[in-house]
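Reader: I'd like to learn how to read a model like this one, feature by feature. Could we start with how its chains meet?

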Amino acid sequence: MASKIKVKVKLNGDVAEVKSLMMHPMETGSRKDPDTGATIPAHHITQLTFTNNNEPVMIVNCSTAVSRDPYFSFNFAGAKAGDTFAVSWVDNKGESDSTEVVLT
Amino acid sequence: MQPGRRLFIRGVLALAALTAVPRALLAMAWPANAFGAVAASDAMNELFGTSQSTPSDAITLGAPEIAENGAVVPISIETSLPDVQSISVIVDKNPRPLAVSFEIPPGTQANVACRIKMGETSPVRAIVKTPDGLFSTEKEVKVTIGGCGG
Amino acid sequence: MNFRILFPLLAVSLLAAAPGPLLGLEVSRELPITADQAESAIKAAEAVRKRAAAAGNEWLQTGSLLEEAREAVSNEQWQRALERAQHATRQSELAIEQAERESTAWRERVVR
Amino acid sequence: MLNTLKLWSLALWLMWPAYAVGGPEEDRIAFQAYFQARFPEVPLSDYVNGIYALDENARQQWEQIEEFPPYEFAVEEGQLLFDRPFGNGRTYGDCFDNQGIGVRQDYPRFDPVLGEVVTLELAINQCRQLNGEPPYDYESNELVSLSAYMAWTSRGKKINVVIPEDPRALAAYESGKQFYYSKRGQLNFACSDCHVTSAGLYVRADHLSASLGHPSHFPVYRSKLGRMISLHSRFYGCIRDVRARPFEEQSIEYRNLEYFLTYMSNGLIINGPGARK
């Protein structure tokens, strides 16, 4: 399946401005299914890693209090056109997703 | 409740061991104990070894006064403090107060934004870790009952 | 202006929420309700619900009241079935009145 | 015979201005003027932003969501579906003007053959059936994603709903208008009670949006639900909220309502898909 991570990186000199959005339910574990009344188990991203040319530029540790379809933005220095920028996450069920873009 | 939670945390740790560790670049495993803490001070202790932080004007916390939607509260944190190692967000009145924690390698600017959930009106605190210690700022965000849209 | 909205709103919702006896509905306390009475009340409620629906204005709760009434019948709770059916009937009657009133009253609200 | 025809034409010609004066165009002008008089500080073009035209605090949060809006997934998915040919080799584009790109503003439209109002969602399903494909469920992700993509390609286009000189079209408009202004349900509310009379006021802790511009930004990603919803799904929610039994999506009632409501926003631009709480 195609990655459900979207990433937009804007180069501003050597500073990369990163915005990323990913599809994930981010279930809290305290919601109940409206039809069955059963508790929906927690299902959330635990850790996100952003790398530029394989060097980590940001690691985000998440709880269930990060909103559904999480969004993150940050800036890092030392980027240039042609760099390979990658985003990946793992969640509490061991699922994962990743994507990469070449900076322009 | 407790055994269940411990089991959950063990599960998470096991998963982290299985999936995350091979990625050698990870700085630190997911801090399960800090995220599992029910009291904000416990979350701080688990994450930093202390629950004390120094209020700082050098941190700007962007958060709405009244959240349009408790499920999606946009927040941003920016600081001019040097050598920032991490930025963490604590929502005191959430069932698990530690919401998110950004680990910031050298070269990355201390300027982050994300969207979080808030169960009720609560102080939102940004905790910034530097080699000089923990610094913080806070802002109260009101969460109201929605109208038809909410 | 707010009262113009609130007042009818309150009146209608109070009426609709009120239990049968308050509305002067015949809910006998002395004689036990028979299965026939309960079932004919449901039949009547269903008929008037259909009229409200045909007027394009069935209320939200009416269907579930009728469902509760039928469930009560299957549990042989005739009194409960009758009350639910009568509540549903009253809702549909009010809905039909509302639709009839609105068939002309809406014109006064048109932005001119 | 010829004279009779001429007489009729003359009569129609004489009647036309009278019809126009009491008709949809006069309604639209009055509708837009009402909001402009009510909120003189809000530019007409801002009504496409719904509640965010009237609620500054909520607007700031919405603008942050728009930095990277969650509906982008639906737009992407919609484009994939839109470009994928049917089993017979034809495509959605073949069913629409301009290959379906930038046409959202022309919907809903009156179909003289069917004699009914056809919304974009209905037209998408008609296109599928015409090409031997089963229609989508109106609440399906596929349909709402296709609609999101088609709105996306129409951003900036002026809404241009046409009511042709056909008594059935006018009747459809009038029926939508009656629906809009009629009180219904146990709470005894008309659409206009909230979104005209009380626009900008509180309903519990939220502000009520103005109807002007309502149809410009659908479908929308509801963060409460974590998915995209259609305009008719929003109608469904509103009708349920006033405690009336809602109609089904794409029912004739909702299509006529959309026809009236969208006509009221003629001249504003399409800015869908949108993001809402």
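Author: The size of an interface is often given as the accessible area lost when the parts come together. Here, the area buried between chain D and chain C (accessible area, 1.4 Å probe, that two parts lose on being put together, summed over both) is about 2,300 Å², and carbon and sulfur atoms give 61% of it. This is a predicted model, where local features need pLDDT of at least 70 and side-chain atom pairs count only at pLDDT 80 or more, while totals for chains, interfaces and linings use all residues. Residues are numbered from 1 along each chain as its sequence is written, chains are lettered from A and ligands numbered from 1 in the order in which they are written, and side-chain values use heavy atoms, with hydrogens and water left out.

Reader: How many residues does the contact take from chain D and from chain C?

Author: Chain D gives 28 and chain C gives 26, with contact meaning heavy atoms within 4.5 Å.

Reader: And which salt bridge is there between the side chains of the two?

Author: A salt bridge is a side-chain nitrogen of Lys or Arg within 4 Å of a carboxyl oxygen of Asp or Glu. The count between chain D and chain C is 1: Arg245(D) meets Glu58(C) at 3.0 Å, N to O. On the chain D side of this contact, α2 (24-38), α7 (167-181) and α8 (191-197) each supply at least two residues; helices (H or I, at least four residues) and strands (E, at least two) are DSSP runs, numbered from the N terminus.

Reader: Which residues are linked with Arg245(D) in a network of salt bridges?

Author: The network holds Glu46(C), Arg49(C), Glu58(C), Arg70(C) and Arg245(D). Within it, Arg49(C) pairs with Glu46(C), their closest N and O atoms being 2.6 Å apart. An α-helix has 3.6 residues a turn, so residues three or four places apart point the same way.

Reader: Let's go inside. Which residues have the most contacts in the largest nonpolar core?

Author: In soluble globular proteins, nonpolar side chains tend to be buried together. A nonpolar core is a set of buried Ala, Val, Leu, Ile, Met, Phe, Trp, Tyr and Cys residues joined through side-chain atoms within 4.5 Å. The largest here has 81 residues, with Phe31(D), Phe35(D), Tyr180(D) and Tyr259(D) making the most contacts inside it. Its largest share, 7 residues, comes from α10(D). Beyond four places in sequence, the residues in contact with Phe31(D) include Val111(C), Tyr180(D) and Met264(D).

Reader: What about helix α5 of chain D: how many of its residues are buried?

Author: Of its 11 residues (120-130), 8 are buried, among them Leu120(D), Ile124(D) and Cys127(D). The cover includes β2 (116-118), α6 (141-152) and α10 (252-264) of chain D.

Reader: Last one: is Asn271(D) buried or exposed?

Author: Buried, with a relative accessible area of 16%. Asn271(D) is in the loop between α10 and β7 (274-276) of chain D. Its side chain makes polar contacts with those of Ser216(D) at 2.8 Å and Asn49(D) at 3.4 Å. A polar contact is a pair of N or O atoms within 3.5 Å; within protein, one must be able to donate a hydrogen and the other to accept it, and residues adjacent in sequence count only if both atoms are side-chain atoms.

Definitions and conventions:
Buried < 20%, exposed > 50% of the residue type's maximum accessible area, 1.4 Å probe, protein only.
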